[in-house]
Amino acid sequence: MGEHVIKLPDVGEGVAEAELVEWHVKVGDLVREDTVLAAVMTDKATVEIPSPVDGEILWLGAEIGDTVAIGSPIVRLKVAGEGNVKPQSDAAEEAIKAEPPAKLPTPKPEAAPASPKAQSKAAEPKAKPAPAPANGAARNLVSGAPRPEGEKPLASPAVRLRAREAGIDLRQVAGSGPAGRIGHEDIEAFLARGPQVAKTSGLARKDNVEDIKVIGLRRKIAEKMALAKSRIPHITYVEEIDVTSLEELRATLNKEKRQDRPKLTLLPFLMRAMVKAIADQPSINAIFDDEAGIIHQHGGVHIGIAAQTPSGLVVPVVKHAEARDLWECGAEVNRLAEAAKSGTASRDELSGSTITITSLGAMGGVATTPVINYPEVAIVGVNKMMVRPVWDGTQFIPRKMMNLSSSFDHRVIDGWDAAVFVQRIKALLETPALIFVD
């Protein structure tokens, strides 16, 4: 038997480090080649790290929330054969142990790669469980028996969010994945067995306090929002838009659309209106490097679409909206939204925006104060559409109305220019035929 050391691979061009957001295994687990060991996050893209070999986990080199440098050892396994660590090289082994596994914001002794606790666990004789079958139906977790106090169930952030929303204690849920990993289907199966066991009582007094470490996407969001608000003096401008004609046009286009075209929402119309407004005011479509004192004004209009996912807020980017027609914008928005929700969006698809749209859909409220997606200089917020009485000079008539709440970097965008930009979008959306006129 030998040992095999797995180092954090290069997970993206130009990426020097990544944050560990999830372990899928623990010390003592038997894994097969391609078993997912961990998930790391770079910017807002999550990448899974598979095992290249079969073996038994001896050591895990970082904790959830640690930032790990590319090339750092993160897992050691006991494998058949010699492995990739020579058995006689005690010095080499010590070197591996001594090598910092992660670039930590604050050093934590317990995160050392060769802690006595981890080593003692690795050295403990144990009954060899059968290798995890492909469907992962090992362990007594299939029975749904409660896990021991302190044992953390294996589950993705999306699954944990679903469980919290449903009031489920994940320790009560049987996992059908490798090593008892809990998936969405396990949550649904647990709920299907009956609300009396799936949900907790809502009337019992609760004095517990759960400390939740801010990691992964939530930490990225927190850092980005704090940076934006600390560096950008926002000015927010709210305007009311009559979208009655636009909604009539949208309904007609969707009714008569070809099979190969997507169903249009309001977003593609807004994107095309923004492209035309930016053509008149290119200073709106820019990145402000405030440290260098340079405004990078872009010719291409790369529109970020703020999207809520089970893990949190992400911003996939529709590149070169200026070169896409209405249908192409709609198709790309749909494609990116699905990728973002499933967690498969690439780093490139989640970066490179020059202006952003944020929308809460039907939950959009009357007005909002959008936070600019740093280091951009403008963001357009879509509020809830509703039917309101509008005075036409002789009577009140029902019209479909919607507010746009848009924020601008007041260091480089004056209030007058912000108002001109929004008024141009208003004119295009209220007379949608203008969107199609060159």
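Which residue in the turn of the hairpin of β10 and β11 has a positive phi? In this predicted model, the residue is Gly293, with a phi of about 70 degrees.

## The β10-β11 hairpin

The hairpin is formed by β10 and β11, with 4 residues between them.

## An open sheet

β1, β8, β6 and β3 make up an open sheet of 4 strands, in the order β1-β8-β6-β3 and with antiparallel pairing. Its edge strands are β1 (2-7) and β3 (30-31), each of which pairs on one side only. Strands of a sheet pair through backbone hydrogen bonds, either parallel or antiparallel.

Inside the sheet, β6 (residues 55-60) and β8 (residues 73-79) run antiparallel and are joined by 4 bridges. Ile57 has Leu77 in β8 opposite.

## Backbone exceptions

Most residues other than glycine have a negative phi, and most peptide bonds are trans. Asp34 is not a glycine, yet has a positive phi of about 75 degrees. The loop between β3 and β4 holds Asp34. The relative accessibility of Asp34 is 56%, so this residue counts as exposed.

His320 is also not a glycine and has a positive phi of about 50 degrees. This residue sits in the loop between β14 (317-318) and α9. With a relative accessible area of 39%, His320 is partly exposed. A cis peptide bond, with omega about 5 degrees, joins Tyr374 and Pro375. Pro375 lies in the loop between β15 and β16.

## Aromatic pairs

A pair of aromatic rings is described by the distance of the centres and the angle of the planes. The structure holds 2 such pairs. In one, Trp391 and Phe396 have ring centres 4.9 Å apart; their planes stand at 65 degrees, so the pair is edge-to-face. Trp391 is partly exposed at 49% relative accessibility, while Phe396 is exposed, with a relative accessible area of 57%.

The rings of Phe408 and Phe421 also form a pair, with centres 6.1 Å apart; an angle of 85 degrees between the planes makes the pair edge-to-face. This pair links distant parts of the chain, since Phe408 belongs to strand β18 (residues 396-409) and Phe421 to helix α10 (residues 415-430), 13 residues apart. Both Phe408 and Phe421 are buried.

At least two lining residues come from each of α6 (216-231), α8 (266-280), β12 (303-309), α9 (326-342), β15 (355-359) and β16 (378-382). Helix α9 supplies the largest share of the lining, 6 residues.

## The cavity

How many cavities of 30 Å³ or more does the structure hold? There is 1. The largest cavity has a volume of about 40 Å³. Its lining consists of Leu8, Leu20, Trp23, Ala38, Val40, Ala62, Val68 and Ile74. By class, these are 8 nonpolar residues, with no polar and no charged ones. β2 (17-23) and β4 (36-42) each supply at least two residues of the lining.

## Lys257

Lys257 is found in the loop between α7 (244-255) and α8. With a relative accessible area of 29%, Lys257 is partly exposed. Lys257 and Trp327 are 70 residues apart along the chain, and their C-alpha atoms are separated by 9.6 Å.

Terms used
Residues are numbered from 1 along each chain as its sequence is written. This is a predicted model: local features need pLDDT of at least 70, side-chain atom pairs count only at pLDDT 80 or more; totals for chains, interfaces and linings use all residues. Side-chain values use heavy atoms; hydrogens and water are left out. Rings of Phe, Tyr and Trp (its six-membered ring) pair if their centres lie within 6.5 Å; planes under 30 degrees apart count as stacked, over 60 as edge-to-face and the rest as tilted. Buried means under 20% relative accessible area, exposed over 50%, partly exposed in between (1.4 Å probe, protein chains only). Two strands pair if DSSP finds at least two bridges between them. On a 1 Å grid over the protein atoms alone, a cavity is a set of points where a 1.4 Å probe fits but cannot get out, and a pocket is an open set with protein on both sides within 12 Å along at least five of seven lines; lining residues have an atom within 4 Å of a point. Grid points are joined across faces, edges and corners, and a volume is the space filled by probe spheres set on the points. Ala, Val, Leu, Ile, Met, Phe, Trp, Tyr, Cys and Pro count as nonpolar, Asp, Glu, Lys and Arg as charged, and the others, Gly among them, as polar.
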